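Reader: Could you show me how to read the strands and the nonpolar cores of a protein model?

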Amino acid sequence: MKVKTYEEINERIRKGEAVVVTAEEIIDIVEEKGIKKAAKEVDVVTTGTFAPMCSSGAFINFKNSKPKIKAQKVWLNGINTYAGLAAADIYLGVTELPDEDLLNKVFPGNFKYGGGHVIEDLVAGKHIKLKAISYGTDCYPKKEIETVIDIKSVNQAILTNPRNAYQNYNVAINKYSDRNIYTYMGILKPNIGNANYCSAGQLSPLLNDPFYKTIGIGTRIFLGGGEGYVYWEGTQHNPYVKRGPNGVVRAPAGTIAVVGDLKGMSPEWLKGTSITGYGVTLTIGIGIPIPILSEDIVKYTAVKDEDIYTQIVDYSKDYPNGVNKSYGEVNYKQLRDGYIEIEGKQVPTGALSSYKKAREIAEILKRRIKKGRFELTKPVKSLSSGE
Amino acid sequence: MIKKRVVLTFPHEIVSQPVVYHLVKDYNLMINILRARVTPQEQGRLVVEISGRKKELETGMNYLAELNIDIQPLAQDIKWHESKCVHCTACIPHCPTNAIFLNRDTMKVSFDKQKCIACELCIPACPYQAIEIVI
């Protein structure tokens with residue numbers, strides 16, 4: 001049943017009257033007051049997540065030199081960028097590494113600095129060395145430049161991430177290898193010595209809107225400390241995975257593509273990340289407000305960690321070989337409590353996703369909305385939901 | 001009985017000597033080796049927990065000092081940079097002594113120097129270079 005509209009909610013935000021709670025707080029509210037009353041009383045539920053998100057990067061347009069250069073290859077702090085665009089446009093990918101990096105030649109590699117770290121440094125206001133080379137044309141005669149840029153001096157810096165905020169993710173184990181394995185899910189000890197997960201569970205944006213009823217193209221979000229928007233469904237977006245009775249996906253499913261002005265973001269919420277033996281990436285803070293338009297929606301936002309299940313996947317043999325096999329299902333309450341049972345063994349858990357930071361993001365977003373500084377947008381198009 | 005956790009750094013000319021044997025035999029000390037790394041021709045590093053009578057522990061330490069072995073309290077060895085930590089918990093399953101631990105209500109990671117045995121397992125597990133070994 002519909003209870004309110006975007007316009008009504010925004011009107012209340014403008015007046016400073018909106019009732020905004022986090023995705024944790026709504027759980028108790030629904031438990032105490034019931035769905036009907038909660039849907040009437042609450043206007044917005046805020047979510048949050050803070051985790052490594054490899055499909056990310058930034059478009060940068062730097063001020064061209066005099067004479068001008070049609071930059072063909074461009075490095076920022078020694079990190080190669082993609083320059084196959086117009087003269088002074090580049091795309092800096094977060095997993096890019098320096099050309100001279102030892103990679104995994106001395107295994108496991110350290111991967112101390114890469115694209116993600118450049119973005120963090122840029123947002124922190126640091127000076128970044130830019131080197132560009134080209135072949136020279138009549139209109140762009142310069143063949144090489146070395147200069148220094150910073151976030152203020154570039155014309156545009158636009159964080160543009162094709163796949164973020166995965167709706168649920170695998171729990172990773174090492175079942176078959178007799179040594180530590182070094183994966184994007186962290187270090188996995190032999191004999192199922194640990195189990196690593198990566199989701200904010202009950203706080204995670206897409207787990208609070210399992211059928212993408214409110215999160216769609218055009219949704220305004222908290223991105224890297226500033227503001228951003230969902231611009232498309234993310235790459236690998238897949239709504240067709242198995243779901244629980246509550247509609248929540250039981251494996252990695254939906255994703256979103258997001259965009260926002262890097263100039264308004266903060267290094268606190270964009271962290272260069274070094275994953276031993278794997279590579280570099282960027283850890284990103286994302287928070288999405290969910291407008292309580294109906295009783296269904298408030299019910300979805302009240303989802304609890306114990307009702308969100310995911311699959312245990314082996315990263316020593318199955319995952320690398322594309323074998324889709326599960327070694328059991330666990331929920332996020334068990335994962336967050338520190339131990340899960342796999343094949344009769346108590347296995348300690350670790351996470352790549354920071355629940356503490358996810359909670360802070362949901363709180364910050366709540367505060368911004370309450371103060372009237374952040375209004376909600378109605379999506380111009382929905383993400384495909386598989387419904 | 002008192003107990004001390006120390007990091008001993010051996011100059012390369014001492015690496016071939018049975019120093020731990022002498023600590024046990026001559027000074028009646030109990031040695032629990034927490035970690036050892038010996039690179040011949042370079043230097044040796046030994047992380048130990050030493051327990052014994054106060055007097056004997058003191059004279060044992062003097063014996064080490066006379067051999068030019070550098071003695072550092074263990075707590076100074078591993079540094080956890082709180083400002084770099086994002087509390088993701090990737091390190092938690094790797095710490096054998098719960099020196100790095102998680103408050104499951106606040107989901108905040110903390111570090112208890114007293115429990116740290118400087119095994120260094122947490123260092124590669126941290127994606128934010130928040131844990132550092134200080135030599």
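Predicted model: local features only at pLDDT ≥ 70, side-chain atom pairs only at ≥ 80, totals over all residues.

Reader: In what order do the three strands of the open sheet stand?

Author: Strands of a sheet pair through backbone hydrogen bonds, either parallel or antiparallel. Here the order is β1-β2-β21 in chain A, with mixed pairing (strands are DSSP runs of E, at least two residues, numbered from the N terminus; two of them pair if DSSP finds at least two bridges between them). Because β1 (20-22) and β21 (289-291) of chain A each have a single partner strand, they stand at the edges, with one side lacking a neighbour in the sheet.

Reader: In which sense do β1(A) and β2 of chain A pair?

Author: They pair in the parallel sense over three bridges, β2 being residues 44-46, and A:Val45 in β2(A) is the bridge partner of A:Val21.

Reader: Which residues have the most contacts inside the largest nonpolar core?

Author: In soluble globular proteins, nonpolar side chains tend to be buried together. A nonpolar core is a set of buried Ala, Val, Leu, Ile, Met, Phe, Trp, Tyr and Cys residues joined through side-chain atoms within 4.5 Å, where buried means under 20% relative accessible area (1.4 Å probe, protein chains only). The largest has 127 residues, and A:Phe62, A:Ile119 and A:Leu262 have the most contacts inside it. Apart from it lies another core of 17 residues, including B:Leu23 and B:Met61.

Terms used
Residues numbered from 1 in each chain as written. Chains lettered and ligands numbered in written order. Heavy atoms only, no water. Helix = DSSP H or I, 4+ residues; strand = E, 2+ residues; numbered from the N terminus. Buried < 20%, exposed > 50% of the residue type's maximum accessible area, 1.4 Å probe, protein only.
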